[in-house]
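User: Please take me through this model by question and answer. Keep it short.

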Amino acid sequence: MRSVKRAAKLSVAGLAIVVLGGCAAQVRQHGYVPEEADLQQIVPGVDTRATVEDLVGVPTSAGVLNDSGFYYIQSQVRHYGWNRPEVIDREVVAVSFDSAGVVENITTYGLEDGKVVALNRRVTKSGDGEISFIRKLFGNIGGLSLSGLTGN
């Protein structure tokens with residue numbers, strides 16, 4: 001009888017440890033930002049896109065308007081239980097280039113410099129309203145005639 005109680009207590013304790021362990025916050029790091037020593041090697045007015053890639057690596061993102069710059073982005077995201085993931089730290093290093101592809105400036109931004117931007121989904125709505133695919137499929141049954149198919 002004592003062994004059954006002891007086994008039950010151990011089972012409850014083990015279950016509690018597993019449940020509480022699942023609630024521990026996990027911090028994950030995403031992206032890449034070059035070290036400060038590597039960024040110091042870049043000389044504005046001298047280095048080009050190619051030399052920047054050689055010195056600090058390929059950027060996370062590049063400017064979409066006239067290839068205006070390189071962006072190295074690193075984020076730390078905390079995942080806690082069932083809650084929505086939360087960005088706790090972000091660093092962005094922006095390397096801007098002139099029209100000839102020579103480095104103009106290197107700027108570092110943090111999470112405090114960021115601004116929340118609402119992205120719009122660009123989805124084209126059909127003119128059919130809320131008619132489902134199945135209703136469209138079966139809606140034409142009975143509307144076909146043999147004379148319409150044969151051209152008579």
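**Walking through the model**

User: Where is Glu35 found?
Analyst: This is a predicted model, where local features need pLDDT of at least 70, side-chain atom pairs count only at pLDDT 80 or more, and totals for chains, interfaces and linings use all residues. Residues are numbered from 1 along each chain as its sequence is written, and side-chain values use heavy atoms, with hydrogens and water left out. Helices (H or I, at least four residues) and strands (E, at least two) are DSSP runs, numbered from the N terminus. Glu35 sits in the loop between β1 (26-31) and α2.

User: Is Glu35 buried or exposed?
Analyst: Buried means under 20% relative accessible area, exposed over 50%, and partly exposed in between (1.4 Å probe, protein chains only). Glu35 has a relative accessible area of 55%, so Glu35 is exposed.

User: How far apart are the C-alpha atoms of Glu35 and Val56?
Analyst: Along the chain, Glu35 and Val56 are 21 residues apart.

User: In what order do the elements of the protein run?
Analyst: The protein has five helices and five strands. From the N terminus on, the order is α-β-α-α-β-β-β-β-α-α.

User: What percentage of the residues of the protein count as buried?
Analyst: In soluble globular proteins, nonpolar side chains tend to be buried together. The protein has 152 residues, and the part that counts as buried is 16%.

User: Which side chains meet in a salt bridge?
Analyst: A salt bridge is a side-chain nitrogen of Lys or Arg within 4 Å of a carboxyl oxygen of Asp or Glu. The structure holds one. Glu86 is partly exposed at 40% relative accessibility, and Arg78 is partly exposed at 32%. At 2.7 Å, N to O, the pair is Glu86 and Arg78.

User: How far apart in space are Val87 and Val77, C-alpha to C-alpha?
Analyst: Val87 belongs to strand β4. Its relative accessible area is 32%, so Val87 is partly exposed. Val77 is 10 residues away in sequence, and the C-alpha to C-alpha distance is 4.4 Å.

User: What separates the C-alpha atoms of Ile88 and Gln76?
Analyst: Ile88 also lies in strand β4. With a relative accessible area of 33%, Ile88 is partly exposed. Ile88 and Gln76 are 12 residues apart along the chain, and their C-alpha atoms are separated by 5.7 Å.

User: Is Gly110 buried or exposed?
Analyst: Gly110 lies in strand β5 (residues 103-110). The relative accessible area of Gly110 is 19%, so Gly110 is buried.

User: How accessible is Glu36, and what does it count as?
Analyst: Glu36 is found in helix α2 (residues 36-40). Its relative accessibility is 49%, so Glu36 counts as partly exposed.
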